[in-house]
Amino acid sequence: MDQHFNTGSVVGKKSDTHWGQAVKTPYAFGVVEIEDEEGNAQTVGMELIHQITREISEPITEISRIFTFLDSLWKPNIQTLILCIPLGTTMTVILRGTGVVYLKRDGHISRLRSREGTISGVVYPKDTLFLSTKTCLNGVSEEEFFSFFDHLSVEDIAEKLTLHLHTKNDAFGYAGLFVEVEDGVENTLQKEEETPKGDSGQTNSRKFSVPIIKMHALKPLGNIKKKVQPLIRLLQSVDVRITVILLVLFVVSITVGIIKESSGRKITESAKSIQEAERLYDEGVALLDLNLVKSRERLAEAKSLVDKTKQSVSPKTKEGRMLSDLEKKLAEILPKATKEYEAAPELFFDVSLLKNGSAIESFGMYEDTMAFLDTHAKTVYVLQLSTKNGQVVGGGSAFDGSESVAIHGDTVYVFTSNGIHTVSVRDKTVKPLAIKKAEDWLSIKAMTSFGGNIYLLDSGKSRIWKYIATGSAFSPLREYLLPDFFPDLTKATNMAIDGSVWIGFSDGTVKRYTQGKDDPFITKGVEPALGMNLAVFTDDNCTNVYILDPDNKRVVVLEKDGMYKSQYIYPATFIPTRIAVSEKLGKLFFFSEGKLYTTSLK
C-alpha cells in the first residue's frame, strides 16, 4: 500500500480520559478517538488499534468481513473510528461514530462524509483525503482548515495543522490523517447513488468518483532513445563539432535529471522511514505504562530505524532535522522504558564498629532484622534495619567451624560443621546442636529459615533438606523435594524462600521449586541476557525477585512471573557477593568486603 499513498498524521494532546491516534497498517489507514470517564482511554485505544492491526495484517479480499469486524469492536467509549481501505481498484472509507472525511481534487475541497456510513470508489493521482475524528477540528472553521491545503507535502501540511490546532483546539485526544494518492494512476470514473439506511440497521453507503490505481513502469532508456533520434536527424545538417557538443549537453541534462529523480526517491524513502520511526516512537510511549517490554521493543526499533536512515540523509536537510529531533526524544524516553538506574551504594553498617576487625561473611534476614556471622571472629550479630541498632548476641568457641547464619523471629540459627546452634536474641543464650549433623549431609551450600523451619541446600547430593519446628525442638530430617524428582543442584550458588524455593546457579540460571517439584521460571525482557554466577533474593515480604548479576555489574528486578521490571547498575570497582531487599524500607542491600551497603529502590 505504501507505494501508492503518502500520509501525514495529526495527533492532539492526550489525557487519561481522552485519547486519539492515527492507524497505519500495510493494508489500511484510519483514525480513532476514545473518551473514557474512568481514565482508561489509552488502554481502550491501544487495545482497539491492536485488534485492528491484527485483523488487517494481510490483503483484504472481502470488505463485508471488515464491516462485521468493526461492528464487533464497537463500544460506547469509542467516539470515532474511520478506516480507509484500498481493495482492488476501489478505495473504501468506513466511518463509525462522529467524524468527517474531506477530499481535495483538482484544487477543489469537499466534505465526503460527516455521518456514519461507507463511501467507496477509485481515486485520481494527487487526490488527498483527510480523516478527522470528532474533536479534531474544534475551534477551526472549514475555510480556515481549507487554507492548509497548498503545494506542500501531506507530511508538511499535517505538521502545520498540528501546530495550529495545539494553539486553537483545547480538546484532548483528537486525531487526523492526510492520505495523498501518488502520481501514476490511470483515470477511470464510476458513480453510484447513496443507498438509504434500511430497516435492517445496516449502515448507509454511497459511491464517489475515483480512478483505478495503475503504476507505470519507468522506461528511461526507451524515452532517451525516442528523444535522441529526432535530435540526431536535426543535427545531421549542422557542423559535426556542434552536433557532438549538443549531444554531450543533452546526455548531461538527462544524467542530471536521472540523478535528481533518484535523489527525490531517496528523500521519499527517507520520509517514509521517518514516518515509520515516529509511529514506533508513539506506540512505545503509549505502551510505557502498559507493557514495559513491548514499549522497549518499539522504541528500540525506532532508534534502529533512525540510526539507519541518518546514514543517507544530510543533517542540514528538513529530513535530517526531523531525525535529529526524533533522536533527542528517543534518548530522553529510552531510559524510562529500560528503567535502568545508576546505583551508587553507600555504606550502611560496619560490624567492626561493634568488634574491632570484624567482617560480615554470612547473613540472614527476617522482616526488619538482619543476622550476621563472622566465621573468623566466631561472632554473631543482629542489626535492626530501621534504626541501625546493632549488637553482639553470641560468640566464642561454641561457634568453631561455623559457616552460615539464618534468622526467624528472635532466634538466630548458626550452621557449623557439627550441626546447627540456636541463639536467642532476647537473652543471648546459645543452644548448641539444636539440630545435629546428619549422615545424609554432603555439601551444604546454604541455609535459610522460613516459617520457623530450617532448609538446607545440599549441592553435593542435589537435595534440599527440611527440618520442621515443633515447639522448642525440630523434627527429624525430611526431604523438601519429591522422592521421584532429582534436579541437578551441583552448580547452585544460594537459596531464597517465599513459599517457593528459589535457587541461583553459576551457569546463569535461576530456578523455582514449589511443593517439592519444578515450577518453571522464565525471564522475559532482560537485556542484555543474564551472566554467570547469579545470586537470587526474595521473601514473603517482597513482591519482586532480585538477581545479582556480577558479570553485568547489576541487580535485575523481575516480577515473580519472570517479567522484567528494572535494573540497577553499580560501579565496576564495587564487588558485592550477595544482596538483600527490604521493599518496606525501599532499600536494596549489598554485602561487599565484609560490610553492608545500600541504595534506594525506585
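The legends below describe close-up views of a predicted model.

Residues are numbered from 1 along each chain as its sequence is written. In this predicted model, local features need pLDDT of at least 70, side-chain atom pairs count only at pLDDT 80 or more, and totals for chains, interfaces and linings use all residues, while side-chain values use heavy atoms, with hydrogens and water left out.

**Figure 1. Overview of the protein chain.** The protein chain holds 8 helices and 38 strands; helices (H or I, at least four residues) and strands (E, at least two) are DSSP runs, numbered from the N terminus. Of the 602 residues in the protein chain, 47% are buried. Buried means under 20% relative accessible area, exposed means over 50%, and partly exposed lies in between (1.4 Å probe, protein chains only). Contact denotes heavy atoms within 4.5 Å. Among contacts between residues at least 6 apart in sequence, 55% join residues at least 24 apart.

**Figure 2. Helices H1 and H2.** Two packed helices are described by the angle between their axes and the distance between the axes. Axes are lines fitted to C-alpha atoms, for helices over the stretch in contact, and angles run from 0 to 180 degrees between N-to-C directions. The axes of H1 (residues 41–55) and H2 (residues 63–73) come within 11 Å and cross at roughly 160°. H1 and H2 are therefore roughly antiparallel to each other; angles under 35 degrees count as roughly parallel, over 145 as roughly antiparallel, 65 to 115 as roughly perpendicular and the rest as oblique. The crossing of H1 with H2 is right-handed. A crossing is called left-handed if the near helix is turned anticlockwise from the far one by less than a right angle, and right-handed if clockwise. Leu48, Gln51, Ile52 and Glu55 of H1 meet Arg65, Phe69 and Leu73 of H2. By class, this contact of H1 with H2 has 4 nonpolar, 1 polar and 2 charged residues. Ala, Val, Leu, Ile, Met, Phe, Trp, Tyr, Cys and Pro count as nonpolar, Asp, Glu, Lys and Arg as charged, and the others, Gly among them, as polar.

**Figure 3. Helices H7 and H8.** The axes of H7 (residues 292–310) and H8 (residues 318–338) come within 10 Å and cross at roughly 155°. That angle makes H7 roughly antiparallel to H8. The crossing of H7 and H8 is left-handed. Residues making the contact include Leu292, Leu299 and Val306 of H7 and Leu323, Leu330 and Ile333 of H8. The residues of the contact of H7 with H8 divide into 11 nonpolar, 3 polar and 6 charged.

Figure 4. In strand S9 (residues 128–133), 6 of 6 residues are buried. Thr128, Phe130 and Ser132 are buried on one side of S9, and Leu129, Leu131 and Thr133 are buried on the other. Strands of a sheet pair through backbone hydrogen bonds, either parallel or antiparallel; two strands pair if DSSP finds at least two bridges between them. Strand S6 (residues 99–105) pairs with S9 in the antiparallel sense over 6 bridges, and the bridge partner of Val101 in S9 is Leu131. S9 also pairs with strand S10 (residues 175–181) in the antiparallel sense, over 5 bridges. Here, the bridge partner of Leu129 in S10 is Val179.

**Figure 5. The open sheet S14-S15-S16-S17.** In this order, 4 strands form an open sheet with antiparallel pairing. The edge strands are S14 (362–366) and S17 (389–395), each of which pairs on one side only. From one strand to the next, the twist averages 20°. Strand S16 (residues 379–384) pairs with S17 in the antiparallel sense over 6 bridges. Val380 stands opposite Gly394 in S17.

**Figure 6. Backbone features in loops.** Lys428 lies in the loop between strand S20 (419–424) and strand S21 (430–436). Although Lys428 is not a glycine, its phi is positive, at about 60°. At 42% relative accessibility, Lys428 counts as partly exposed. The loop between strand S31 (517–518) and strand S32 (535–537) holds Pro528, and the peptide bond from Glu527 to Pro528 is cis, with omega near -10°. Asn533 also lies in the loop between S31 and S32. Asn533 is not a glycine, yet has a positive phi of about 55°. With 43% relative accessibility, Asn533 counts as partly exposed.
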